[in-house]
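Please open the model in a viewer and keep the selection panel at hand. The stops below proceed from one selection to the next.

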Amino acid sequence: MNVLLIVIDTLRADHLSCYGYPRLTSPYIDRIASEGTLFREMIAPHIPTQPSFTTMMTGHDPLSHQIVSHASKHEPADGIRMIAEILSDLGYHTAAADTIGRWFERGFAEYRRYAWVSDQTAPQRKAEAVNEVALDLLNGCAAQDKPWFLFVHYWDPHTPYLPPDPFHRVFYRGDEKDPAHTSLEPAFASEEFGDYFRAWLPGVTDLEYPIAEYDASIAYVDCAVAHLMTRLGELGLDEDTLVMLTADHGETMDEHGCYFDHHGLYDANVHIPLILRCPGTVPNAQRLGGQVAMYDLAPTILDYAGHAERAADAGMFGRSVKSLADRGSHK
């Protein structure tokens, strides 16, 4: 069983149309969900990025892997192994399209970075830059004579929300600089982020504009995911590959006095998507309740790979969700 792990940074579940959002933000991800199993209550209890990804890749809680912030510790605790290391030991070819580096490179035979122009005032094509690397890695995986694990990390819709055309303004039709609007004033008054918001949103007065651009960024990355999945099908690998789509954390828009960021353990930050797809293996058109969490992902990968016992051997805190998907419990 091959494994394609797609992680979309800063993606809150309730802004995906397959999770009930009224805007059609994610038509292709919706299709993946219809062809697989969607978990309605997936939780990322440890943010921001590095604690969350470390939990995702190890199956351990931060209290055991000891990564609790971006700068609190240089490496995970002794004896904590990354999922790519375990799969490599099991004979998997391992590859990643990612930029975090550090301990996240462990176990990958190929760890390739991508680059984009960083300009917080101009539209960006980050997802396409990711796909330039990811599609090449996928082709390389397909050429292997052994199973593979490919990790693809998209950064849209991380702030600043700057989707390119034709996605830019697709969900907004008003005048974002109308002086009659005052809804962004509290954000600009923020002592920590006010300067950043003014540089990113100069003259903007309407809170609904950045929210619409966040949604447009989701639609943009959805298109990139479609390209990746189309190539998977062209290679004839659909039925041999577990696709797991999730996020590292969500994002607040204006909830709880937090604007366009992911600090605070609020539902907007910790409720993320989890969708599994593998025709003939993962039940399709299934939506499951019952809470699952970030540390369940690594045990789930091992379970579908036929090596469930390795999760216990690695002392993982999480538990595989495969049995939940197989039983169709908590519908």
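Begin by selecting strand β1, residues 2-8, in this predicted model. The strand is mostly covered, with 7 of its 7 residues buried.

Strand β7 (residues 241-246) runs parallel to β1 and is joined to it by 6 bridges; look for Val7 opposite Thr246. Strand β6 (residues 148-154) also pairs with β1 in the parallel sense, over 6 bridges, and here Ile6 has Val152 as its bridge partner.

Now extend the selection to the whole sheet. It is an open sheet of 8 strands with mixed pairing, in the order β5-β4-β6-β1-β7-β9-β2-β10. At the edges stand β5 (110-112) and β10 (286-288); each has a single partner strand, so one side of each is left without a neighbour in the sheet. On average, neighbouring strands are turned by 10° against each other, direction ignored.

Helix α5 (residues 126-142) lies across β4, β5 and β6 and runs at about 175° to β6. Helix α8 (residues 208-234) lies across β1, β6, β7 and β9 (274-277), at about 170° to β1.

Switch to side chains to view the largest nonpolar core, which has 110 residues. Leu4, Ile6, Phe149, Tyr154 and Phe260 have the most contacts inside it. The helix that gives the most to this core is α8, with 15 residues.

Which residues surround Phe260? Leaving aside neighbours within four places in sequence, its contacts include Thr159, Tyr161, Leu184, Phe197, Trp200, Pro210 and Met253. Phe260 also belongs to an aromatic cluster, together with Tyr161, Phe193, Tyr196, Phe197, Trp200, Tyr214 and Tyr259.

The aromatic pairs in the model number 19. One to display is Trp103 with Phe104: the ring centres are 5.2 Å apart and the planes lie at 40°, so the pair is tilted. Trp103 is buried, with a relative accessible area of 0%, and Phe104 is buried at 3%. Compare Tyr161 and Trp200, an edge-to-face pair at 5.0 Å centre to centre with 90° between the planes. Tyr161 lies in the loop between β6 and α6 (185-188) and Trp200 in helix α7 (residues 194-200), so the pair ties together parts that are 39 residues apart in sequence. Both Tyr161 and Trp200 are buried.

Move on to His271, located in strand β8 (residues 271-272). Is this residue buried or exposed? His271 is buried, with a relative accessible area of 11%. A polar atom of its side chain lies 2.7 Å from the backbone oxygen of Arg40. Beyond four places in sequence, His271 touches Arg12, Ala13, Tyr19, Arg40, Glu41, Met42 and Ile43.

Finish at helix α10 (residues 297-304), where 7 of the 8 residues are buried, so the helix is largely enclosed by the rest of the structure. The buried residues are Leu297, Ala298, Pro299, Thr300, Ile301, Leu302 and Tyr304. Just after α10, select Gly306, which takes a positive phi of about 85°.

Note on methods: Residues numbered from 1 in each chain as written. Predicted model: local features only at pLDDT ≥ 70, side-chain atom pairs only at ≥ 80, totals over all residues. Heavy atoms only, no water. Buried < 20%, exposed > 50% of the residue type's maximum accessible area, 1.4 Å probe, protein only. Helix = DSSP H or I, 4+ residues; strand = E, 2+ residues; numbered from the N terminus. Pairing = 2+ DSSP bridges. Polar contact = N/O pair within 3.5 Å; in protein donor to acceptor, adjacent residues only side chain to side chain. Contact = heavy atoms within 4.5 Å. Axes fitted to C-alpha atoms, helices over the stretch in contact; angles between N-to-C directions. Core = buried A, V, L, I, M, F, W, Y, C linked by side-chain atoms within 4.5 Å. Phe/Tyr/Trp six-rings, centres within 6.5 Å; stacked < 30°, edge-to-face > 60°.
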